[in-house]
Amino acid sequence: MTGIDHPETFHGLPVHAFPCPGDASRGVSGRALTDSGSLPDGGALPEAGSVAWRLESAWRGDLTFGSLWQHFVDTVDTTRVRALVIGAWWQEEYASFTPVVELLVSHADRFPDLRALFLADVVSEECELSWLEMCDITPVVEAFGQLEEVTVRGCGQQFGDRSSLDLRPVRHKALKALRFESGGLPARVVRAVAASELPALERLELWLGVEEYGGDASVADLAPILSGAGFPALRHLGLQNSEIQDEIAASVASAPVVAQLESLSLAMGTLGDEGAEALLQGQPLTHLASLDLHHHYMSEPLAERLTELLGPDRVNTDIDDADWDDDEDGHRYVAIDE
């Protein structure tokens, strides 16, 4: 999962890790809370709405996510919390994300001001992306009708009896930004996003990944999004980290949605000269303020032509770091899969 870090900010707020009684005795870094909810040095927790609260329970002795969550809702004024970041939720061994979803949903009425939610802020040192199994996140999206931003990290493979990432079509009036970070985003999730009613959606980012890790979406699954009919407010579209990036670029080249966009990303995937030629010969892209194509397999002349099309300030082809040559087996790699 190289290239994925814990965010320092989320929804415009600094991320603040919520401490818990006993952290100091367990050797956990950071300031631990006393049983009364204050900090041991006499300081106070941040104002509830001034930070994005990060909750994680992994490798903290006998601390379960459930007990951490209960202490959080008992200590912090949840009516003023604006953003939540859910980190590693297991203890010593990986566990299903379903109980976390159930906790969030069961306490939804205590978070009337929640505007942003990051599900599974986990990095490679904690769990590789390909093993970061999620579950059906639909109940969370439906329970928080005021959400404006949702980020989900995880893959679509199923290991044993663990649930895998899923989503059903939803209708949500407030959601403005939706982002799936995955090394293998299931086609069923892509189709559910495309079938959802999200009239306020301005930013959509899908890391499609590779089939080996559950990323089985096709260009046909993206068709409702590319038509431009589904999301009238959409201004940024990211179809990224895909092993079929050339096919996606060819479809984007004539997609009606492009006309309404201010920025477009086809980065992190296997984009080569075929996809570059399609973009150059397709509809005008000069209205875009940003075209992100970093991590690609385009030849230098094609990358330079695309840069010249919009200008170096608006196109990121990252020529110096381009993977111009396939490996000896002719294989191309996405930026993030495992």
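Colleague: Which residue of β3 is the bridge partner of V15?

Modeller: Two strands pair if DSSP finds at least two bridges between them; strands are DSSP runs of E with at least two residues, helices runs of H or I with at least four, and both are numbered from the N terminus. Here the bridge partner of V15 in β3 is A52. Strand β2 (residues 13-17) runs parallel to β3, and 3 bridges join them. This is a predicted model, in which local features need pLDDT of at least 70, side-chain atom pairs count only at pLDDT 80 or more, and totals for chains, interfaces and linings use all residues. Residues are numbered from 1 along each chain as its sequence is written, and side-chain values use heavy atoms, leaving out hydrogens and water.

Colleague: Are the faces of strand β3 covered or uncovered?

Modeller: In a regular strand the side chains alternate between the two faces of the sheet. In β3 (residues 52-55), A52 and R54 lie on one side, W53 and L55 on the other, and all are buried (under 20% relative accessible area with a 1.4 Å probe, protein chains only; exposed is over 50%, partly exposed in between).

Colleague: With which strand does β3 pair over 4 bridges?

Modeller: That strand is β4, and the pairing is parallel. Within it, L55 stands opposite I86 of β4.

Colleague: Where is V76 found, and which residues does it contact?

Modeller: Contact means heavy atoms within 4.5 Å. V76 is found in the loop between α1 and β4. Leaving aside neighbours within four places in sequence, V76 is in contact with F18, L45, A48, W53 and V81. V76 is buried because its relative accessible area is 8%.
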